[in-house]
Amino acid sequence: MSMITAAKWVPRGFAAPFPTRCTLDDAEFERIMALTKVALEEAKDDLRGAHEDSEEEEAKQRQVEEERRANTLAPIRSVHVPLAAGNVTTNRVRERYNDDDLKEYDLEHYDDEGAGETDEERAGSIMRNIDEVLYHKSNHDDPYLTGRAEDDEEEEQEELQILATDNLILSAKVEDEIAHLEVYVYEDESDNLYVHHDIMLPAIPLALEWLDLPANLSDTNTRGNTVAIGSMDPDIEIWDLDSVDCIYPNAVLGERNVTMAGMAEEATDKKNKKKKKKRKRSLVPNDAYHVDAVLSLAANRQHRNLMASASADKTVKLWDLSTAKCAKSYSYHTDKVCSLAWHQTESTVLLSGSYDRTIVAADMRAPAANPPRWGVESDVEMVRWDPHDANYLYVSTEGGCVHCHDVRNASPNPAAARAVWTLQAHDEAVSSFDINPIIPGFLVTGSTDRTVKLWNIQPGGQGPSMVISRNLDVGKVFATTFAPDNEVGFRLAVAGSNGKLQVWDTSTNPFVRQVFAQRLPALPDGAVEDRLVGLQEKDDEDEDEDEGDGEGNGEGKGDNYDYMAAEYEADDLIEEY
């Protein structure tokens with residue numbers, strides 16, 4: 001089972017040229033111990049509750065087990081086997097030891113340590129091979145590793161290096177019931193896509209948001225490279241993308257953070273130390289943290305310390321990243337909130353879509369105001385502002401439609417708001433869509449019907465016309481996103497239920513070039529039309545080299561990579577969240 005639930009581009013120039021290996025210093029060790037203690041306390045509370053609820057049942061089981069063991073051992077205890085002073089086996093061994101040829105070996109004292117040796121001889125035998133196991137503090141001091149360690153370090157640095165012309169693509173992946181974040185490096189000039197490193201996650205990831213903040217979130221004046229991850233767990237984890245082999249996230253937004261603060265207070269209170277109260281995970285929505293799965297994240301690019309999150313607990317929360325605390329909680333919807341988007345110019349206006357089939361554009365500074373709303377025919381899948389005209393917003397639905405609304409025609413009554421145009425884009429849910437940041441009117445939609453479609457939005461409210469529809473062999477499409485940089489703004493990352501990530505250079509497609517001819521760059525000499533770059537796995541020596549099907553990056557996908565569509569898992573995920 002392999003599935004990619006979300007994908008996100010990282011702009012060029014933010015990744016460190018040489019990511020560092022995570023080192024476990026004293027401060028990091030104390031932080032990990034604090035996080036581990038929180039998890040341990042939660043596990044103890046769960047275990048204590050399970051014991052309390054099933055104490056009588058466990059007592060009955062113990063009694064039955066004791067009776068069964070007693071009945072099993074009773075006949076064994078009644079059997080007495082006398083030990084003869086000299087049985088046949090013992091006599092044969094003695095006869096063997098009496099052999100004159102074996103006497104010189106003293107086999108009767110073979111198991112005695114140091115038999116026949118003086119203390120000096122015994123000490124000499126212990127230290128005889130000490131030179132062979134000599135430990136050197138540094139590999140440079142080891143004569144057997146001289147030169148090899150330096151070569152290994154240089155090779156490792158080269159493998160970790162990220163060029164200024166490289167893009168990172170973040171992929172939230174579930175594979176064989178293991179959740180992790182894969183950090184891809186996309187080399188546009190050489191048509192190369194590979195996994196740089198990955199991060200193990202405790203729960204299935206559902207939402208990704210890249211942050212231009214350093215690992216130390218309190219330093220909002222410094223540029224960094226981090227990612228916020230929302231998952232089936234209500235906590236939001238923030239990881240440093242410039243560190244490799246990290247064990248725990250750099251920050252946690254949610255109940256774990258609140259619990260850690262509470263435990264720190266208890267440590268200073270002797271009374272609370274003696275009387276520990278049982279902690280239980282709250283299931284009631286509150287103003288401090290989410291209590292259900294986090295379905296969407298949106299970072300405010302103008303106010304870098306602010307990030308919004310949407311949850312299945314029907315609330316939207318605004319986080320102050322500098323303090324890792326919730327600044328405000330909003331309840332604009334009556335069902336799960338699944339998508340968020342900040343306005344480009346009005347930096348305090350947040351767009352939210354919900355399974356209650358409404359879209360809200362609320363000013364976060366006025367939580368008590370009645371914000372404008374729009375209604376749609378089915379559950380909302382995704383919402384976006386038009387990056388080229390801030391007066392328009394787009395909504396995709398579970399029914400396969402895409403709606404365009406003019407914010408100037410907003411109304412507090414969702415039924416009274418009329419769409420500028422409505423497009424029946426797919427037969428199934430439009431799980432993802434994006435608007436190209438470089439070309440106005442260039443729209444892409446991805447659906448659970450396994451197709452990706454490119455659209456040209458006609459000016460004057462005439463609605464979009466389809467340019468091309470393709471099946472990129474990623475299964476049910478869960479992520480479609482354009483690259484953020486001008487140089488690679490036509491590159492489209494697509495991922496889905498097959499666990500594959502494909503990068504499609506849409507500027508090489510003849511139909512796209514025909515429609516957007518005036519706005520596309522000229523193709524370089526030798527360019528291949530419909531350039532599609534996928535992950536190429538290394539072939540195993542035992543595998544046949546003719547199994548590739550020629551798709552992906554033009555050289556065939558990896559022979560040892562088994563792409564299995566987890567359709568039942570994807571269906572369950574879509575149905576519930």
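**Aromatic pairs in a predicted model**

Colleague: Is Tyr 330 buried or exposed?
Modeller: Tyr 330 is buried, as its relative accessible area is 3%, and the cut-off for buried is under 20%. Please bear in mind that this is a predicted model.

Colleague: How many aromatic pairs are there?
Modeller: The count comes to six aromatic pairs.

Colleague: Why is the pair of Trp 9 and Tyr 186 called edge-to-face?
Modeller: Their planes stand at 85° to each other, with the ring centres 6.0 Å apart, so the pair is classed as edge-to-face; that class requires planes over 60 degrees apart.

Colleague: And where in the chain do these two residues lie?
Modeller: Trp 9 belongs to strand E1 (residues 2-10) and Tyr 186 to strand E4 (residues 178-187). The pair thus links distant parts of the chain, 177 residues apart.

Colleague: Are they buried or exposed?
Modeller: Trp 9 is buried, at 4% relative accessible area. Tyr 186 also counts as buried, with a relative accessibility of 1%.

Colleague: Back to Tyr 330, then. How is its ring placed against that of Tyr 332?
Modeller: The two ring centres are 5.7 Å apart and the planes meet at 15°, so this pair is stacked. Tyr 332 counts as buried, at 10% relative accessibility.

Colleague: Which residues do ring pairs link into a cluster?
Modeller: The cluster consists of Phe 442, Phe 482 and Phe 516.

Colleague: A change of topic: which ring has the charged end of Arg 223 over it?
Modeller: That is the ring of Phe 14, whose centre is 4.3 Å from the charged end of Arg 223. Arg 470, in turn, lies over the face of Trp 504, at 5.1 Å from the ring centre.

Note on methods. Residues are numbered from 1 along each chain as its sequence is written. This is a predicted model: local features need pLDDT of at least 70, side-chain atom pairs count only at pLDDT 80 or more; totals for chains, interfaces and linings use all residues. Side-chain values use heavy atoms; hydrogens and water are left out. Rings of Phe, Tyr and Trp (its six-membered ring) pair if their centres lie within 6.5 Å; planes under 30 degrees apart count as stacked, over 60 as edge-to-face and the rest as tilted. Helices (H or I, at least four residues) and strands (E, at least two) are DSSP runs, numbered from the N terminus. Buried means under 20% relative accessible area, exposed over 50%, partly exposed in between (1.4 Å probe, protein chains only). A charge sits over a ring if NZ of Lys or CZ of Arg is within 6 Å of the ring centre and within 35 degrees of the ring normal.
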